[in-house]
Amino acid sequence: MIKQVRRSVLTLLSAAALVLLASNQALRAEEVSFKEHLTPVLKRQCALCHLTGSEAGGMALHPRAAYASLVGPQALALPDMARVSPGDPAHSYLIHKLRGTHLAVGGSGERMPLGQAALDDATLALFVAWVEQGAQNN
């Protein structure tokens, strides 16, 4: 009887450990990585026009410079709004430029990426989630 109770308890503990492990992995799977998820988009769709930082917007969006160009500096068109405000997509000019809502918040210019189709919903959602998650350089 005691052995059977021990087996039951061990089985329950093992099941609980598996559930916790699966939950932890699911949370990690939802985490947006700047380097893995966003840098390829920036390189493919943004860096040609924003290569050195001397171009419009004053941003270098090639892989080695993109994070520093986006997180920290204020938006040139809106000095009271950051390019990326970690944790706050509504106050991140990048998100407004990608959505095409930048004029409504007092910005200027065109929706980005310029001269290309708007980012698809899934890609835009990655940028928004990254900002919501604190805009980490991960």
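Of the 138 residues of the protein, 34% count as buried, meaning under 20% relative accessible area with a 1.4 Å probe and protein chains only. The model is predicted: local features need pLDDT of at least 70, side-chain atom pairs count only at pLDDT 80 or more, and totals for chains, interfaces and linings use all residues. Residues are numbered from 1 along each chain as its sequence is written, and side-chain values use heavy atoms, with hydrogens and water left out.

The predictor's confidence in each residue is pLDDT, from 0 to 100. Its mean over the protein is 85. A value of 70 or more is reached by 79% of the residues. Over residues 5-28, pLDDT stays under 50. Where pLDDT is low, the predicted coordinates should not be read in detail.

The protein has five helices and zero strands. These are DSSP runs, H or I of at least four residues for helices and E of at least two for strands, numbered from the N terminus. The order of elements is α-α-α-α-α. Among contacts with a separation of 6 or more, 44% join residues 24 or more positions apart.

Helix H2 (residues 34-45) packs with helix H5 (residues 121-132). Their axes come within 11 Å and cross at roughly 130°. Phe 34, His 37, Leu 38, Val 41 and Leu 42 in H2 meet Thr 123, Leu 126, Phe 127 and Trp 130 in H5.

Note on methods. Contact = heavy atoms within 4.5 Å. Axes fitted to C-alpha atoms, helices over the stretch in contact; angles between N-to-C directions. Buried < 20%, exposed > 50% of the residue type's maximum accessible area, 1.4 Å probe, protein only.
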